[in-house]
Amino acid sequence: MMSTIQTQDDTLYFGDVAFSSRLLTGTGKFASGDIIAPMLAASGSELITVALRRVDPNAKEKDILQYIPKSVRILPNTSGARTAEEAVRIARIAREAGCGDFIKIEVITDMKYLLPDNAGTLRATEILAKEGFIVLPYMMPDITVTKQLHDAGAAAIMPLGAPIGTNRGLEMKPMIKRIIEISKLPVVVDAGIGRPSQAAEAMEMGADAVLVNTAIATSHDPVAAGKAFALAVQAGRMAYLAQLAEEKEYAEASSPLTGFLRS
Amino acid sequence: MSFMSRILELESFDFDGHFQEVTSADVENSLRKDELREQDLFNLLSKTAQDYLEPMARKAQKLTRQHFGNIISLYAPLYISDYCSNACVYCGFNCGVQFPRTKLTIEEIEREAAAIAATGMRHILILTGEAPAQTPISYLEEAVTVMKKYFSSIALEIFPMDEEEYRVLCKAGADSLTVYQETYDREVYKEMHPRGRKADYEYRLLTPERGARAGFRALNIGALFGLGEPRKEACLAALHAHYLEQEFPDVEISLSLPRMTKAKGIIEPKNILSDIDFVQFMLAWRLFMPRLGITISTRESAEFRDRLVHLGATRFSSGSKTGVGEYSLKNHHDATVQFEVTDDRSVDEVADMIRQSGYQPVFKDWELV
Ligand code: SF4
């Protein structure tokens, strides 16, 4: 029997940029910037999100960007944007500040739960994709919006698992499953993942990557937590590729029960 | 409906009586819940809940880290004018106190701004007394415009204005508004504000709502502890914050617990807020509103502030000067201050303390776009 485990070439692409790690991380909640580099080394994460609002090129102390090793790509985010227009302006500032072409869109008008505004997110995606950005939009899991984001030129779909910082895992599981089914773009589960087991579950389900911020940054040992999440993501991915039986809703049985009807 | 109707509704409510009725079982019950209701806030603010400070603190610390991370934001206050036509009996700037009043020119504001920005600070809070004739909207607009060159977030703690006036200041680049009700108790309010524009309780109470409608992204409110009955004030301030959170979901809401401190020519505080009450109120607020910003000023001592880092605080002022022109133009003994700073450590020292406590001091957390 042929193995379907693609350990050699299981590359993740955002736009035409290739990644071998499927764990995205964040910078926003660490006790100290100094822990970011060792966390990245332990987790193998190749893409880390940074709020542009924290970037201060004229800082007296070390600027947040200086804590990130050159080998790791920066995913600036538009945190703080309340409208599409603000997100667009923040993205342009980020590009000018030398943060590259990647941008994570966050358009949030709900300060209590920090839930994204899909309409604003879509509008910002349309504009920024046209300007050549590699756009990763943070969104409420919604099938129609997923399709619209494809058409708008997004490079990935980033549905939330649960509200930011709640560590409640895959509360949106049924919706995320549908998105994974229809999406031709990589699906990154963003927000809400609090445990490696939840990250593994998202990956088993077929998510292409997960973004973990709070759970790593606020753990007692972010380096160990980064490693634990990396292993969970790898295990989940491997399980998905192995097509574990329960992953297929309409599995083909090896000896079909109704096969005789056609024979 | 505004928050005024809620205040009127609660006017006949027996706060004291209700606080006394809270049992240990009530507190334990509230502590077990994930989402708290008003009754839970009440339970956690009662004297009975003081036996549960440690479990409250643990839960508050966890919630704060979950929502804000291991981060403390820093800001500096800048007094640009101490002219005031009000007679608040608890304030060193009140019009009855004789001292040579100062108002910074735009050039002086720029010098002060540069001195503060040199410490690394990117968040500024502009303060004035209430003297619209001395500090008209055009002056404030110019001040904000100059500040924009140096700071990424500009907050205002100035006299209450109309929505349209706030709009002008938001357009100029201000993004956050602080206004303390001082006391939510209307009787006490009347006594404390005998004359002047500030005597209008309702106009002040509805200021945050006007600010939110005008486009401020963040509102910071609170009571000045030392005037009314503290438990009642803590409860009403939290209900006010909760009301604003529901009504303006796109605005970040913060609460402060300024305690009255001594200044020249003012009354002694009536209801002293003890450290234990202070901590309890903070914790109860955090449990009631997990995403609430909690601001701690330099009115508090260095020692006390060091502890508060772990208990749910999200924002600290630091390196504060509370007299006009004190950052670069005047010596402290030449300045008349609104209140005395208790934690007089420099920005660097406060940032170091935050780091040593296991948190990251954040100097910039906003980008004007
Ligand atoms: S509290 Fe404000 S309004 Fe009242 S006297 Fe002092 S500066 Fe003036």
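Trainee: What area is buried between chain A and chain B?

Mentor: This is a predicted model, and every value that follows is computed from it. In terms of contacts, 35 residues of chain A meet 32 residues of chain B. Carbon and sulfur atoms give 43% of the area buried between the two chains, which amounts to about 2800 Å².

Trainee: Which residues of chain A lose the most area to chain B?

Mentor: On the side of chain A, three residues together account for 23% of what that side buries. Those that lose the most area to chain B are A:R53, A:K60 and A:K112.

Trainee: How many salt bridges does the rule find across the interface of chain A and chain B?

Mentor: One of the pairs that can be named is B:R122 with A:D56, whose closest N and O atoms are 2.9 Å apart, and this lies inside the 4 Å cut-off for a salt bridge. Polar contacts across the same interface, with both residues at pLDDT 80 or more, come to 23 residue pairs. For salt bridges between chain A and chain B, the number found is seven.

Trainee: Which element gives the most to the side of chain A that touches chain B?

Mentor: By class, that side of chain A has eleven nonpolar, 13 polar and eleven charged residues. The elements of chain A that give two or more residues to it are α2 (84–96) and α7 (214–217). With four residues, the element that gives the most is α2(A).

Trainee: Which element supplies the largest share of the lining of the largest pocket?

Mentor: The largest pocket has a volume of about 1200 Å³, and among its 39 lining residues the closest to the centre are A:T166, B:K62, B:L63, B:Q66 and B:H67. Two or more lining residues come from each of α7 and α8 (222–241) of chain A, and from each of α5 (53–68), α12 (230–247) and α13 (275–288) of chain B. The lining divides into 14 nonpolar, eleven polar and 14 charged residues. Its largest share, six residues, comes from α5(B).

Trainee: How much space lies in the second largest cavity?

Mentor: The structure holds two cavities of 30 Å³ or more. Of the 46 residues that line the second largest cavity, B:L127, B:E157, B:Y180, B:R299 and B:Q338 lie nearest its centre. By class, this lining has 24 nonpolar, 15 polar and seven charged residues. The space in the second largest cavity is about 700 Å³.

Trainee: Which strand gives the largest share of the lining of the second largest cavity?

Mentor: In chain B, β1 (71–81), β2 (123–128), β4 (176–182) and β7 (293–296) each supply at least two residues of this lining. The largest share, four residues, comes from β4(B).

Trainee: How many residues apart are A:D10 and A:R237, the partners of a salt bridge?

Mentor: Over all chains, a search of the whole structure finds 36 salt bridges, and one of them joins the side chains of A:D10 and A:R237 at 2.7 Å, N to O. A:D10 lies in the segment before β1 (12–14) of chain A, whereas A:R237 belongs to helix α8 of chain A. The pair thus links distant parts of the chain, with a separation of 227 residues.

Note on methods. Residues are numbered from 1 along each chain as its sequence is written. Chains are lettered from A and ligands numbered from 1 in the order in which they are written. This is a predicted model: local features need pLDDT of at least 70, side-chain atom pairs count only at pLDDT 80 or more; totals for chains, interfaces and linings use all residues. Side-chain values use heavy atoms; hydrogens and water are left out. Contact means heavy atoms within 4.5 Å. Buried area is the accessible area (1.4 Å probe) that two parts lose on being put together, summed over both. A polar contact is a pair of N or O atoms within 3.5 Å; within protein, one must be able to donate a hydrogen and the other to accept it, and residues adjacent in sequence count only if both atoms are side-chain atoms. Ala, Val, Leu, Ile, Met, Phe, Trp, Tyr, Cys and Pro count as nonpolar, Asp, Glu, Lys and Arg as charged, and the others, Gly among them, as polar. On a 1 Å grid over the protein atoms alone, a cavity is a set of points where a 1.4 Å probe fits but cannot get out, and a pocket is an open set with protein on both sides within 12 Å along at least five of seven lines; lining residues have an atom within 4 Å of a point. Grid points are joined across faces, edges and corners, and a volume is the space filled by probe spheres set on the points.
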